[in-house]
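Here's a look at the aromatic rings in this model and the helices around them. Have the viewer open as you read.

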Amino acid sequence: MTPQSDEDEVWRQIVASFNDTAVRDSADQPWPDSENLPSEPPRRVVKQSDEDRPPPAEENFSDAGPEQADPDDEGHYVPPPPPPLPKTDTTTKIAWLALFGGPAYLLLSAALNWNLQGWMLFTAVAAFIGGFVALVVRMGDGPPNDSGWDDGAVI
């Protein structure tokens, strides 16, 4: 007998004894009748006369605005309007203009085949670098002025 045929015989025995084991286990420990669920849930039929029923609610959605509930949108979160953007000072506006204006001038001059002199090229690159540095310096990511000498846990 080859090892393959031994293996096939073992699998046949496992498959043949699969259902036998299930029947034998259920006979040893029967399922309690109190745990059996009915095939259909019991139906409770309550008949109401037309006089006992409450009148249907009349709903008018013709002029429903955002403050009135729409039945399709029930349960959806509607965030409040965002606060206005903070006012920027003149220095920040100039820094943003330099940051985007320098490369925009270079791209425009390249697209239109303008002949740039050396000082124009230097000014555009310097504006970009200056605008970037000004915005980074003004970020103010340090501790607040009133935080005291202790800067908290430092890892």
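## Two aromatic pairs

The structure, a predicted model, contains two aromatic pairs. To count, rings of Phe, Tyr and Trp (its six-membered ring) need centres within 6.5 Å; planes under 30 degrees apart are called stacked, over 60 edge-to-face, and the rest tilted. Why does the pair Trp96 and Phe100 count as stacked? Their ring centres sit 5.7 Å apart and the planes make an angle of 10°, so stacked it is. Trp96 and Phe100 are four residues apart in helix H2, which puts about one helical turn between them. Phe100 is exposed at 55% relative accessible area, while Trp96 is partly exposed at 43% (buried is under 20%, exposed over 50%, partly exposed in between, with a 1.4 Å probe and protein chains only).

Then there's Tyr105 with Trp114, a tilted pair with 6.3 Å from centre to centre and 50° between the planes. Both partners are partly exposed: Tyr105 has a relative accessible area of 29%, and Trp114 has 42%.

H2 runs over residues 90-111, 22 residues in total. (Helices are DSSP runs of H or I with at least four residues, strands are E runs of at least two, and numbering goes from the N terminus.) From first to last C-alpha H2 reaches 30 Å, close to the expected 32 Å, where the expected span is 1.5 Å times one less than the number of residues.

Where does H2 kink? Look at Gly101, shortly before Pro103, for a kink of about 30°; the bend is the angle between axes fitted to the seven residues ending there and the seven starting there. Just past the end of H2, Asn113 has a positive phi of about 60°.

The buried residues of H2 are Thr92, Ala95, Ala98, Leu99, Gly102 and Ser109. They pack against helix H3 (118-137), with contact meaning heavy atoms within 4.5 Å.

## What the record says

An unreviewed UniProt entry annotates residues 94-112 and 118-137 as "transmembrane region"; positions follow the numbering used here, feature names are shortened, and such annotations may be inferred rather than shown by experiment. Over 94-112 the model is 95% helix and 0% strand, with end C-alpha atoms 25 Å apart.

## Ground rules

Residues are numbered from 1 along each chain as its sequence is written, and side-chain values use heavy atoms, leaving out hydrogens and water. As this is a predicted model, local features need pLDDT of at least 70 and side-chain atom pairs count only at pLDDT 80 or more, whereas totals for chains, interfaces and linings use all residues.
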